[in-house]
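Please open the model in your viewer and keep the selection tool at hand. The tour begins with a whole chain and then moves to individual charged side chains.

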There are 2 protein chains.
Amino acid sequence: MTNLSPLQIERLKYEPKLPSSLANGISHLVSVEGSATQSVANQDEISALFRNTYGKPTVTFKTSSESHSCEARNVGVILSGGQAPGGHNVIAGLYDALKQANPLNKLYGFLGGPSGIIEGKYVEFDDKFIDAYRNTGGFDIIGSGRTKLETEEQFQSSWEVCKKLGISAVVIIGGDDSNTNAALLAEWFVAHNAGIQVIGCPKTIDGDLKNEQIEISFGFDTATKTYAELIGNIERDANSAKKYWHFVKIMGRSASHVALEAALQTQPNITLISEEVEQKRMSLSSIIDYISDIVVRRSNNGKNFGIAVIPEGLIEFVPELKSMIANLNDIMSTLESNSAYTNGTDADKIAIIENTLSSENSSVFKSLPALIKSQLLMDRDPHGNVQVSKIETEKLLISMVEERLASLKKEGKYSGKFSTQSHFFGYEGRCAFPSNFDADYCYSLGFNAFALINFGLTGYLSSVRNLTAPATEWIAGGVPLTMMMNMERRHGEMKPVIKKALVELDGPVFKKLETNREDWAMNDRYLFPGAIQYFGPSSVCDITTVTLALEKSLVKA
Amino acid sequence: MTNLSPLQIERLKYEPKLPSSLANGISHLVSVEGSATQSVANQDEISALFRNTYGKPTVTFKTSSESHSCEARNVGVILSGGQAPGGHNVIAGLYDALKQANPLNKLYGFLGGPSGIIEGKYVEFDDKFIDAYRNTGGFDIIGSGRTKLETEEQFQSSWEVCKKLGISAVVIIGGDDSNTNAALLAEWFVAHNAGIQVIGCPKTIDGDLKNEQIEISFGFDTATKTYAELIGNIERDANSAKKYWHFVKIMGRSASHVALEAALQTQPNITLISEEVEQKRMSLSSIIDYISDIVVRRSNNGKNFGIAVIPEGLIEFVPELKSMIANLNDIMSTLESNSAYTNGTDADKIAIIENTLSSENSSVFKSLPALIKSQLLMDRDPHGNVQVSKIETEKLLISMVEERLASLKKEGKYSGKFSTQSHFFGYEGRCAFPSNFDADYCYSLGFNAFALINFGLTGYLSSVRNLTAPATEWIAGGVPLTMMMNMERRHGEMKPVIKKALVELDGPVFKKLETNREDWAMNDRYLFPGAIQYFGPSSVCDITTVTLALEKSLVKA
């Protein structure tokens with residue numbers, strides 16, 4: 001990197017804030033144990049699967065005036081799964097704590113995600129290496145990957161690699177699945193007397209790794225601010241040109257936390273929430289009703305423009321689409337050995353599908369626009385399944401609303417214009433320079449991960465809480481990974497997994513949207529958050545998410 | 001606006017910088033006249049069309065120790081065409097200068113673009129109104145519109161409206177077409193002894209309103225910074241995940257200034273420039289060659305990822321597509337009165353088109369992917385023409401590169417993976433909070449526009465130059481609009497128009513890309529500009545575009 005942007009040059013100088021307990025240094029830490037813990041559900045099954053690591057206490061760090069020394073040790077770190085802003089700072093915090101504890105300590109980075117530890121691909125960090133990545137976005141420092149660390153062979157290879165490098169602790173930076181695997185690896189290492197500890201760090205822009213112990217996953221703050229910047233800019237454009245309805249799809253996998261947070265920051269006219277669609281069993285037709293009704297009423301007020309925010313995972317939550325897609329996946333393998341199908345034109349294929357689906361699912365399929373039918377035909381994942389994330393839900397909705405408006409026009413119930421633009425934001429936010437919040441939070445998570453290692457803990461998640469207070473007041477400690485687990489069916493088998501958080505319809509965050517929805521639909525309450533600011537007034541630079549503020553105020557209320 | 005974002009609250013307080021000549025106040029200005037001017041071409045025709053306003057001198061403002069008073073007068077302002085960051089500051093600067101000159105002065109804003117002055121729809125500004133919009137993005141203060149102010153009836157109505165409001169000067173904030181119309185209106189008012197002056201301000205994110213007299217149009221700086229933020233974030237994502245080729249189309253009408261500037265700020269692997277495609281008469285197939293070659297060579301180096309930046313107007317510059325689209329537009333009206341066509345399925349329509357186009361154009365059409373064929377079929381503008389801006393060029397290129405790679409694979413010349421994501425950025429940047437540069441420049445343009453009015457000038461463009469120096473050293477003055485004109489064919493007739501600037505292939509800006517292109521293609525020289533910063537180090541907050549810096553350094557060299 002010979003060539004840096006002006007912002008990058010300045011951000012390299014930023015010194016992330018630490019909780020005051022950690023700021024006094026690794027050698028002055030005291031760990032305070034809470035009481036024994038249990039998993040959120042299925043305690044019997046989980047404790048049987050994690051004989052050595054289950055039921056441990058939570059810990060919190062305090063500062064003591066005494067200081068203790070630290071024997072030299074080597075640690076490895078892995079970035080797992082999709083990018084989230086701040087990953088580099090987790091590694092920088094871990095590195096700084098480790099070198100502070102003992103300059104002889106070594107930090108190894110495994111390359112390309114979990115496969116790095118299995119295949120023994122790694123780098124050793126030094127000051128110069130780390131310094132080039134401080135407060136930057138991306139996971140390019142060592143790369144990431146989606147290999148799942150879960151088999152006996154993988155654990156065995158990882159052990160061999162760690163032995164070779166003299167590594168006695170591994171930090172896994174990842175989402176719910178990666179942390180589930182961190183727990184399995186921790187248990188396996190203890191069961192095999194490997195003498196290798198495993199610590200997890202909560203990463204995901206999706207915001208679905210969140211529970212009593214984790215207030216927020218890192219990256220959610222920066223990613224949602226980036227999407228909110230763009231939505232706000234588009235709102236201002238729509239409100240100036242008064243010409244287009246913009247349909248904006250927002251990344252975030254199944255859960256709608258990202259779309260909800262971005263909407264609370266920008267107050268668009270329409271926000272769909274997948275969890276609401278599922279729980280209220282809203283059909284596609286009722287969603288089209290909801291959108292069309294707002295389009296018509298705004299048009300009656302002279303407003304042929306607006307903004308709709310749509311969560312990425314929506315269509316998997318619409319009951320009839322879910323059923324149709326499942327049916328489509330079922331018949332697909334048969335169809336692909338049918339030469340009339342494989343040699344047919346697109347039109348032939350569509351006709352065959354319509355004849356093969358069950359009658360209910362067939363009529364759902366028939367109701368879809370041509371573009372979506374061909375997307376359903378074309379993109380299949382390696383298992384032959386429909387790739388839901390590739391379906392342009394924003395265009396599906398636009399096309400169906402157009403049809404609905406056309407028939408309302410015929411009935412004389414609508415006389416407006418419906419010109420549209422569609423957008424999808426995801427990759428734009430996963431590698432932004434971390435906000436001050438994420439820079440501080442991530443650095444603290446990494447620093448704290450080493451503190452957990454230094455106290456000999458394993459199977460713990462690095463935990464930094466009280467995050468709406470100034471960083472000095474943040475509470476650092478650790479939470480047993482098993483505490484967040486329950487049993488869920490995966491590929492037909494019951495597995496211990498960290499429970500994903502979905503948007504709670506009776507929680508304060510969704511309620512805020514629900515209360516204001518009609519006002520935001522008809523009156524233009526657009527908020528323009530603008531670009532993330534790293535310098536300047538604290539009111540602009542150091543605020544975290546609306547979601548966290550609302551969740552915290554409920555806790556206080 | 002009861003509800004403001006934290007950034008908006010802080011930005012309302014920002015005090016834009018003025019050139020020192022203007023900062024001493026309207027009443028202390030002296031105007032220094034240059035020599036008589038002439039149009040860039042077609043001097044005889046232009047001078048005949050602008051008998052009263054042609055040939056005037058340029059003017060520059062200086063400060064004098066004497067002060068002069070200003071009679072009370074009313075001014076009107078119009079926002080014309082597409083949004084560009086900073087429009088609100090032009091109005092704020094104009095308002096502040098006008099009120100400073102005489103508190104009895106009034107500023108009227110015409111609503112919804114040029115139609116506001118024709119239909120007499122307006123607001124009167126006061127402090128509270130203006131204050132709510134300082135340093136904000138968007139044109140929502142009074143709205144904008146695309147009505148062309150050019151007919152005798154429109155001029156007559158505008159005169160009536162101005163008379164009613166006692167308006168003796170109109171400021172038109174717009175791009176090349178709107179400023180051409182400002183020149184026509186100025187001439188008409190003089191010819192009719194209306195006693196109404198007209199001043200233009202150079203607006204457009206496209207960057208194509210630029211010449212010897214105008215260093216940059218406002219909005220280009222902020223919009224390109226916003227697109228560069230997003231491209232940089234995507235580059236970092238691509239470089240972390242090492243999984244996708246991202247094809248990013250960038251707004252900017254015909255000229256490629258925006259794509260070029262965004263590319264210089266981010267250094268992607270591939271940047272296409274429409275002007276180069278046209279001048280070198282590059283066929284679609286040679287563009288696909290160029291892209292595929294880089295994809296293959298990167299893949300040979302183990303890199304199955306990258307970023308390609310594509311200017312919005314590209315396909316109009318590809319010779320065979322241009323010819324095919326012209327042919328398609330010609331035959332379309334005939335086809336639409338052909339019932340076999342209008343009642344046919346998409347497949348029927350495509351077959352009929354393929355039989356009706358000339359043989360060369362037909363084979364071009366046949367070579368296009370199905371998605372693009374149907375986009376060519378579907379979206380037509382009010383004149384029945386293909387809407388080139390709606391064609392997803394980024395997907396067209398992806399699809400054709402995929403095909404090419406598939407055949408290279410068969411020949412054993414390529415063994416990589418080509419997974420793609422496509423993006424289109426435009427609406428995301430037109431209404432961002434103006435950068436400090438655009439906030440200062442726009443405020444100065446507006447303030448300066450009133451200075452021009454106050455000296456009794458008409459048919460002038462507000463001009464602020466020397467923009468790579470600190471704002472205090474900027475040079476404020478005015479340029480006769482006719483000076484930038486030539487004659488061009490529009491809808492079959494020769495018309496006087498302001499000459500659009502295209503990317504110059506022998507200029508320093510394109511040369512910078514050309515020199516580095518091969519290095520950026522193969523080695524990852526990605527730059528991550530990050531979000532626009534409004535506070536903090538001047539190296540981050542107060543820099544303007546790479547384009548301007550390069551153009552200036554050539555002027556100096």
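**Chain A as a whole**

Select chain A: of its 557 residues, 62% count as buried, where buried means under 20% relative accessible area, exposed means over 50% and partly exposed lies in between, using a 1.4 Å probe and protein chains only. This is a predicted model, in which local features need pLDDT of at least 70 and side-chain atom pairs count only at pLDDT 80 or more, while totals for chains, interfaces and linings use all residues. Residues are numbered from 1 along each chain as its sequence is written, chains are lettered from A and ligands numbered from 1 in the order in which they are written, and side-chain values use heavy atoms, with hydrogens and water left out.

Switch to a cartoon view, and chain A shows 22 helices and 15 strands, these being DSSP runs (H or I of at least four residues for helices, E of at least two for strands) numbered from the N terminus. The radius of gyration of chain A is 25 Å, close to the 24 Å that the globule rule gives for 557 residues, so the chain is as compact as a globular protein of that length; the radius is taken over C-alpha atoms, and the rule is 2.2 Å times the number of residues to the power 0.38.

**Salt bridges to select**

Side chains of opposite charge can pair when their charged atoms come close. Over all chains the structure holds 64 salt bridges, each being a side-chain nitrogen of Lys or Arg within 4 Å of a carboxyl oxygen of Asp or Glu.

Select A:Arg298 and A:Asp524 next, which form a salt bridge whose closest N and O atoms are 2.7 Å apart. This pair links distant parts of the chain, 226 residues apart, with A:Arg298 in helix H12 (residues 284-300) and A:Asp524 in the loop between helix H20 (508-522) and helix H21 (538-541). A:Arg298 is buried, at a relative accessible area of 0%, whereas A:Asp524 is partly exposed, at 25%.

Move on to A:Lys413 and A:Glu411, whose side chains meet in a salt bridge at 2.9 Å, N to O. Here A:Lys413 is exposed, with a relative accessible area of 53%, and A:Glu411 is partly exposed, with 48%.

Finally, select A:Glu276, A:Lys280, A:Lys511, A:Glu514 and A:Arg517 together, and you will find them linked in a network of salt bridges.
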